[in-house]
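Dear colleague,

Please find below the sequence and structure that I am handing over to you. A summary of what was found follows directly after them.

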Amino acid sequence: MDADFKPEVLENSWFAERYRALPASAAEQLRLASIHYADSSRAETHLLMARMMAPHNPAIKVAEYRFYFYQARWPEALRIAEQCMAMTALELGFPLSWRLVSPQHGQFESDEPAHRFYLFCLKAYAYLLMRLQRLQAGREAAEKLMQLDPANKVGGQLLLDVLDRADREAEDD
């Protein structure tokens, strides 16, 4: 690869393709949701309308995820992370359950954007489980992430480090 190549450019182009595929009316709803972010119910209504117009577009799902995440609405963000993983798994031909996905299912070591998106969704899922105090489930998801991404390109090791530190602190009490 070119020395100036940045994986995020490829990743952003993959995502930009999905955004360009949005109907103009759905893109407008996302814009309105962003403008009305401080009015939670109004923003959520715009997100719902966008989802109705393009229910399987990752750009809609990412917008929903960000909205719920930054509103600290962890259960809703977790649901969206699960949906993102399932949607990407279908696109890539992976098993729908992240527990069944193995390194042989994809090019996780590469900078292939859809695979990286799947890994980032799994990382978000693990993180949210931890925020919801579902620590064992969060650990399982983080361990799966590291199995798929042993080079730690998406930063899953940090989640395991946090869990390990919490375990050590609990033992010290």
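Accessible areas here come from the Shrake-Rupley method with a 1.4 Å probe, and for residues only the protein chains shown count as cover. On that basis, the accessible surface of the protein chain comes to about 9500 Å², and 55% of this surface belongs to carbon and sulfur atoms.

Please note that this is a predicted model, in which local features need pLDDT of at least 70 and side-chain atom pairs count only at pLDDT 80 or more, while totals for chains, interfaces and linings use all residues. Residues are numbered from 1 along each chain as its sequence is written, and side-chain values use heavy atoms, with hydrogens and water left out.

Overall fold

The protein chain has eight helices and zero strands; helices (H or I, at least four residues) and strands (E, at least two) are DSSP runs, numbered from the N terminus. For 173 residues, a compact globule would have a radius of gyration near 16 Å, and the 17 Å of the protein chain agrees with this. That radius is taken over C-alpha atoms, and the globule rule is 2.2 Å times the number of residues to the power 0.38. The C-alpha atoms fill a box of roughly 50 × 45 × 30 Å along the principal axes. Of the 173 residues, 43% count as buried, where buried means under 20% relative accessible area, exposed over 50%, and partly exposed in between (1.4 Å probe, protein chains only).

Helix H7 covers residues 135–148. Its 14 residues should span 20 Å at 1.5 Å a residue, and its end C-alpha atoms are 20 Å apart, which agrees; the expected span is 1.5 Å times one less than the number of residues. Among the buried residues of H7 are Ala 137, Ala 141, Leu 145 and Leu 148. The cover over the buried residues of H7 includes helix H6 (113–131) and helix H8 (156–172).

Thr 88 lies in helix H5 (residues 74–92) and is buried, with a relative accessible area of 3%. Leaving aside neighbours within four places in sequence, Thr 88 is in contact (heavy atoms within 4.5 Å) with Ala 114, Phe 117 and Tyr 118.

Two loop residues

Most residues other than glycine have a negative phi. Ala 72, in the loop between helix H4 (58–70) and H5, has a positive phi of about 60° and is partly exposed at 43% relative accessibility. Gln 133, in the loop between H6 and H7, has a positive phi of about 65° and is exposed at 60%.
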